[in-house]
Amino acid sequence: MTRSPSRYALALGLIALPLLLALLGPLLAGPPGTRSVSYAAGGGHWLGTDFSGRDVRHQILLGGRSVVLVALAATALAYAVAVPLGLAAALTRRSGLEEALMRPLDVVIAVPSLLLVLLVAATLTPGPVGLTVLVGLAAVPDAARLVHSAAVEISARPAVEALRMQGESWWRTALGYVARAMRRTLAADAGIRLTGALYLVATAAFLGVGVEPDAADWAVMVDRNRTGLFLQPWAVVVPALLIAALSMGTNLLFDAALQRGGRRKGTT
């Protein structure tokens, strides 16, 4: 089995460049420069130009923020909605309320997330805010069901019943004990949830949903230049590898953190 430090090093190595480009790329990009009809590198275009004559290096520096930050914001939004919803359904003593909260989510889960995003986004004006909300809400049903299942198991513990008998408030019981007890479950899910958000954001952008068709975006770059892959491979390969590295690195990082936490717990 790979040791945890090795996993950390590999994970950090994979996510470092995409994150740095997403955060600092727009500051380092500078002016776009003149367009060139030549795909080859030269004349100030280190990686050549894309099909429309834009500098590939400039587009790569600008294109990460829309993918990475939207995925991170969408994941945070999903948990902000799913955690209270799942806790409310699990800790209520009214079966009717639990059914009313959870059954509609089953209907939404039956619709593929990408199809849901495409259907709703088709009626909206392209933009990062709208795409963040769509991707975040699309992830809520799965996340809420996971929170609900974990909270139901934890709420059956004697400690929760003792808190209720002492007259502790619902918020203190739900957030102070139940939510803290499921931290490892949420951490394990966070890597998968963020990867799913990256997939949805990148796929939506690839299909031209949620972003302008000429936007500086890694996924849009892949779609826009794929027909000229053999003429200008950098415009397709580099952004595709950056998205893949971020997804793989995120999962490895959370896996390594969970393994390390599990070993610490076992030695205490």
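The side chain of Asp-217 reaches the backbone nitrogen of Val-220 at 3.2 Å, a polar contact in the sense used here (a pair of N or O atoms within 3.5 Å; within protein, one must be able to donate a hydrogen and the other to accept it, and residues adjacent in sequence count only if both atoms are side-chain atoms). The model is a predicted one, with local features needing pLDDT of at least 70 and side-chain atom pairs counted only at pLDDT 80 or more, while totals for chains, interfaces and linings use all residues. Residues are numbered from 1 along each chain as its sequence is written, and side-chain values use heavy atoms, with hydrogens and water left out.

Back to Asp-217, which sits in the loop between α8 and α9 (218–225); helices here (H or I, at least four residues) and strands (E, at least two) are DSSP runs, numbered from the N terminus. Asp-217 caps the N-terminal end of α9, with a side-chain oxygen 2.8 Å from the backbone nitrogen of Ala-219. The side chain of Asp-217 also makes a polar contact of 2.4 Å with the side chain of Ser-66. Setting aside residues up to four places away in sequence, Asp-217 touches Gly-63, Ser-66, Val-67, Ala-205 and Val-211, where contact means heavy atoms within 4.5 Å. Pro-239 is 22 residues from Asp-217 in sequence, and the C-alpha to C-alpha distance between the two is 8.6 Å. With a relative accessibility of 1%, Asp-217 counts as buried (buried is under 20% relative accessible area, exposed over 50%, partly exposed in between, using a 1.4 Å probe and protein chains only).

The helix that Asp-217 caps, α9, is itself tucked away: seven of its eight residues are buried, so α9 is largely enclosed by the rest of the structure. Those buried residues are Trp-218, Ala-219, Val-220, Met-221, Val-222, Arg-224 and Asn-225. Asn-225, at 3% relative accessibility, has a polar atom of its side chain 2.8 Å from the backbone oxygen of Met-221. Beyond its neighbours within four places in sequence, Asn-225 is in contact with Asp-50, Phe-51, Ala-235 and Val-236.

Zooming out, the protein chain has ten helices and zero strands. Of its 268 residues, 41% are buried. Among contacts with a separation of 6 or more, 73% are between residues 24 or more positions apart.

In soluble globular proteins, nonpolar side chains tend to be buried together. The largest nonpolar core in this model has 33 residues, of which Ile-60, Leu-131, Val-135 and Trp-218 touch the most other members; such a core is a set of buried Ala, Val, Leu, Ile, Met, Phe, Trp, Tyr and Cys residues joined through side-chain atoms within 4.5 Å. At least two residues of this core come from each of α1 (4–29), α2, α5, α8, α9 and α10 (234–267). Apart from it lies another core, of 16 residues, including Ala-90, Leu-91, Ala-174 and Leu-186. As for Val-135, its contacts outside the four places on either side in sequence are Ala-74, Ala-197, Leu-200 and Val-201.

The largest pocket holds about 190 Å³. For the record, a pocket is found on a 1 Å grid over the protein atoms alone, as an open set of points where a 1.4 Å probe fits, with protein on both sides within 12 Å along at least five of seven lines, and lining residues have an atom within 4 Å of a point. Grid points are joined across faces, edges and corners, and the volume is the space filled by probe spheres set on the points. Fourteen residues line this pocket, and Ser-113, Ala-139, Gly-196, Ala-197 and Leu-200 are the closest to its centre. Two or more lining residues come from each of α2 (56–91), α4 (113–121), α5 (128–155) and α8 (183–206), with α8 giving the largest share, six residues. By class, the lining has nine nonpolar, three polar and two charged residues (Ala, Val, Leu, Ile, Met, Phe, Trp, Tyr, Cys and Pro count as nonpolar, Asp, Glu, Lys and Arg as charged, and the others, Gly among them, as polar).

Helix α8 also carries Thr-195, whose side chain makes a polar contact of 3.2 Å with the side chain of Asn-251. Over in α2 is Leu-69, partly exposed with a relative accessible area of 33%. Leaving out neighbours within four places in sequence, Leu-69 is in contact with Leu-23 and Gly-64.
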